[in-house]
Amino acid sequence: MTAVAGEAPARARPVLTAPIRWRLTGATASRVLSQLRHDPRTVVMLVVVPSLLMVLLRYVLDNAFALNRFAPEFIGVFPFIIMFIITAVTTQRERARGTLERLMAMPLGKLDLLAGYAIAFGLVALVQVGVVLLISLTWLGVQLPGSVVPLLVVAVLDALLGMSLGLFASAFARTEFQAVQFMPAFVLPQALLCGIVVARDQMTDVLRWLSDVLPLSYAVDAMQRISAGAAWSGTVTRDIVVILGFTVAALAGGALTLRRRTQ
Amino acid sequence: MASPVTEAAASASDLVVRRQGHVILDGLTFTLPRGRVTGLLGPSGCGKTTLMRTLVGVQVIDAGELTLLGLPAGDPRLRSRLGYSTQEHAVYGDLTLAENLRYFGTVLGLPRSRLADTITQTVTTLDLTGLEHRLVDTFSGGQLARADLAVALLAEPDLLVLDEPTVGLDPVLRRDLWAVFHRLAAGGATLLVSSHVMDEAARCDHLMFMREGRFLAAASPGEILTETGTADLESAFLALASHSQAVRP
């Protein structure tokens with residue numbers, strides 16, 4: 001019954017041992033939301049900035065046809081980028097402040113922590129996307145042949161994808177400053193290759209292969225198809241499976257970086 | 001409590017921990033007597049924090065054995081029975097004290113019905129009454145240190161591991177905290193309290209003097225004074241340190 005040398009019992013166990021415990025997950029989600037509540041400036045920026053950018057886009061393009069084409073793609077990309085940053089910074093802060101180590105010494109499962117974050121930030125993304133959609137469809141006069149609900153669902157999935165990648169990336173950041181720097185490093189190449197700037201089928205082979213393995217390409221593709229009125233096609237389902245697959249893989253990678261025991 | 005009083009709350013033999021290729025804990029063998037306040041004293045960088053992290057199960061052990069409350073270090077069953085307080089004050093600055101305690105209390109598995117009472121009691125013990133609804137970021141250094149201790153005390157742990165809990169606190173507050181520590185020990189808890197200030201050593205029931213990853217001595221303050229033939233614990237530490245340097249190759 002003793003920890004014998006070299007056995008490293010905590011590392012020998014699988015990454016996610018316990019099933020999810022909803023009381024702990026709920027407590028974590030409500031803790032994350034309380035932290036946001038005490039920081040109204042961040043909340044305002046989370047909700048207002050994407051809408052302001054959309055207004056800006058409307059006047060920069062100043063063309064109803066182009067706006068209808070680009071607006072849904074941007075609605076998919078905003079929450080992805082913003083969730084990436086806030087998760088990377090929040091998780092890095094938990095590591096630096098010692099609260100993560102304290103939680104890891106307590107009976108909190110990694111899955112409880114990750115799911116708590118996902119629920120809290122998922123709700124924030126829902127509000128964020130809801131507001132930007134509302135403003136786009138009313139004030140800015142964006143026309144969508146398709147229905148709004150699938151668009152909202154995919155946008156929230158994009159936000160969760162950004163969250164899980166941010167969580168994973170934060171493990172490689174020693175400071176909050178580095179965590180913010182990961183945004184251009186992880187996100188901007190994807191934004192360039194995802195098919196907004198240049199359509200994916202017009203890229204050279206190498207760039208298209210790169211685009212094929214990056215998750216944001218599928219997020220944007222799904223937003224394009226749904227907003228074009230394609231309802232629920234096989235391609236959209238494939239896109240969603242890929243988005244979910246990347247999200248789960250990044251969360252599992254993130255869980256691996258949440259070490260109970262460190263060297 | 002099923003275990004006999006004489007049983008140690010923690011025992012280690014030949015414990016070795018390396019970090020980045022350096023030996024931090026160099027074959028430590030010790031026991032923590034149950035229901036006592038043990039002081040872990042030594043200069044900064046001697047390995048106190050690493051030993052404490054090892055006890056609470058967040059540090060990988062390279063060699064040796066470590067048992068706490070009859071279970072191996074790092075066993076999940078220990079997680080709700082240990083209280084741990086770090087030097088960096090691991091509480092959420094952007095939450096109020098009450099929100100911090102509610103969250104950590106829930107994580108520690110306190111039943112919903114007892115949570116509010118437990119929080120009130122802990123806040124009273126640490127003289128934080130009236131600060132419950134203030135953001136922790138607005139706390140003074142002493143308040144922050146006590147907020148951190150409050151989390152460690154919350155679940156009435158059997159073993160409390162406190163890393164320099166009184167550093168930088170005003171003398172009155174320090175005296176009061178030591179009184180709290182002894183009250184908890186009288187109630188059956190085992191405490192390990194680290195410090196780099198020798199004048200705190202005299203307040204402990206049992207002492208472990210540490211230097212460069214090894215123990216210079218582990219005994220009661222009285223025994224250490226008798227054995228070294230010194231008048232105070234600071235001189236005792238110096239005598240032991242120079243002796244250990246003389247005998248080491």
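Predicted model: local features only at pLDDT ≥ 70, side-chain atom pairs only at ≥ 80, totals over all residues.
**Where the chains meet**

Let's start at the interface, where 31 residues of chain A are in contact with 35 residues of chain B. On the chain A side, helix 1 (9-12), helix 2 (22-37) and helix 5 (99-104) each supply at least two of the touching residues. Helix 2 of chain A gives the most, with 6 residues. Sorted by class, the side of chain A that touches chain B has 15 nonpolar, 8 polar and 8 charged residues.

**A closer look at helix 2 of chain A**

Which residues of helix 2 of chain A are buried? They are A:L24, A:T25, A:A27, A:T28, A:A29, A:R31 and A:V32. These buried residues pack against helix 6 (110-137) of chain A together with helix 2 (97-107) of chain B.

Turning to chain B, you will find an open sheet of 6 strands in the order 6-7-8-3-9-10, with mixed pairing. Strand 6 (82-85) and strand 10 (214-219) of chain B stand at the edges; each has a single partner strand, so one side of each is left without a neighbour in the sheet. From one strand to the next, the twist averages 15°.

Strands of a sheet pair through backbone hydrogen bonds, in either a parallel or an antiparallel sense. Strand 9 (residues 206-211) and strand 10 of chain B pair in the antiparallel sense over 5 bridges. To find your place in strand 10 of chain B, look for B:A217, the bridge partner of B:F209.

| Helix of chain B | Strands of chain B it lies across | Angle to strand 8 of chain B |
|---|---|---|
| Helix 1 (residues 48-55) | strand 3 (37-41), strand 7 (159-162), strand 8 (190-195) and strand 9 | about 155° |
| Helix 5 (residues 171-186) | strand 3, strand 7 and strand 8 | about 155° |

**The nonpolar core**

The largest nonpolar core has 148 residues, and B:A150, B:V161 and B:L191 touch the most other members. What is B:L191 in contact with, leaving aside its neighbours within four places in sequence? The residues are B:V37, B:T38, B:L160, B:L162, B:F181, B:L184 and B:A185.

Methods: Residues numbered from 1 in each chain as written. Chains lettered and ligands numbered in written order. Contact = placed C-beta atoms within 7 Å. Helix = DSSP H or I, 4+ residues; strand = E, 2+ residues; numbered from the N terminus. Nonpolar A, V, L, I, M, F, W, Y, C, P; charged D, E, K, R; others polar. Pairing = 2+ DSSP bridges. Axes fitted to C-alpha atoms, helices over the stretch in contact; angles between N-to-C directions. Core = buried A, V, L, I, M, F, W, Y, C linked by C-beta atoms within 7 Å. Buried ≥ 20, exposed ≤ 12 C-beta atoms within 10 Å, placed from the backbone.
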